[in-house]
Amino acid sequence: MLQEALAKRKFLVIGRVGMDLSPDPAGTRTRDAGTMMVAMGGSSANIAAGLCKFGCDASLVTCVSDDAIGWYCENQLDQYGVDRRYVKRVRGEYRTSLAVYETRVEDHQSVIYRNNAADFQMSVEDVEAVDYSAFGALITAGTVFAAEPSRSATFRAFELAKAAGLPIIFDVDYRPYSWPSAAVAEDVLSRAGAMSDIIVGNDEEFGFMAGDIDKGLGKAKALAQDSAQIVVYKMGPLGAITFADGAEIKTGIYPVEAVKPTGAGDSFMAGFLAGLSEGRPLKDAILRGSACASIVVSKPGCAPAMPNAAQLEDFLKTHPGPTEA
């Protein structure tokens, strides 16, 4: 049933869209910046854009501020082909998120502005207005649960998606600065994980959900045994372990000359899900996601750096291949 749902290639993505600024040219520190590269950002929006580049349909559910930054994000979603019928404008003191990050690995600095974040204003009414029957799967990232009313709205979306027969795909994406406390985050993210069919996270995120980083692998395995159909446990340069159908699949990474550490997770998710939606074997889909992550960290920008199908194939043909798991 999971493969049948993904094969529809129609994804409902819940979560933020924002503006990214990065000093130009690559390698410039923010403190020394004279010009900035501007691009769309936000984990959920990046995933949606990446899926559209692979020929999938993606609709975003979120809120943006009714101002120049929010309008910029709307225009960017249009350019990437992301359906924004469920993107709502909000007024008052709420603001669309802004990220300033450096295209450099050494002493990398990322500064995220999330004060009075507009996306956290997504309400239960907003998600209840969605026609879930039009989609094959729901995707979200953990930040959407960090504050109310977005938290309750997303859990309501999970309920409605399940009622409509949609699998839930969850990127843990734990970012401490968005949460009121680590205890709240641990509880809420664990609840979300227990409702999800596909879970993707890194070793630190699963460790956080388990209460101890040394218990993260066990947490990932337990989720695969108890509720989720696929759990991807990412370990950075060491590759990933994927739990599915009682088996463990170990995969490596595609080494590249990285110019920044950002955007890899979003690109992995887009490439991984696009691969599954095409009916590819699970291990192949994981490796394609890993290749997408490598492509993104080797170029400036996040959404702009995400590959389409032809670019991914060119990368796979010319790269020596993944590391041993």
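Mentor: Buried means under 20% relative accessible area, exposed over 50%, and partly exposed in between, with a 1.4 Å probe and protein chains only. By that criterion C73 is buried, with a relative accessible area of 0%, and C63 is buried at 2%. This is a predicted model, in which local features need pLDDT of at least 70 and side-chain atom pairs count only at pLDDT 80 or more, while totals for chains, interfaces and linings use all residues. Residues are numbered from 1 along each chain as its sequence is written, and side-chain values use heavy atoms, with hydrogens and water left out.

A disulfide is a covalent bond between the sulfur atoms of two cysteines; here the criterion is a pair of cysteine sulfur atoms within 2.5 Å. A search of the whole structure finds zero disulfides. C63 takes part in none, and the nearest cysteine sulfur to it, that of C73, is 13 Å away. Seen from C73, the closest cysteine sulfur is in C63, and the 13 Å between them is too far for a bond.

As for the setting, 56% of the 325 residues of the protein count as buried. Among contacts (heavy atoms within 4.5 Å) between residues at least 6 apart in sequence, 71% join residues at least 24 apart. The C-alpha atoms fill a box of roughly 50 × 45 × 40 Å, taken along the principal axes.
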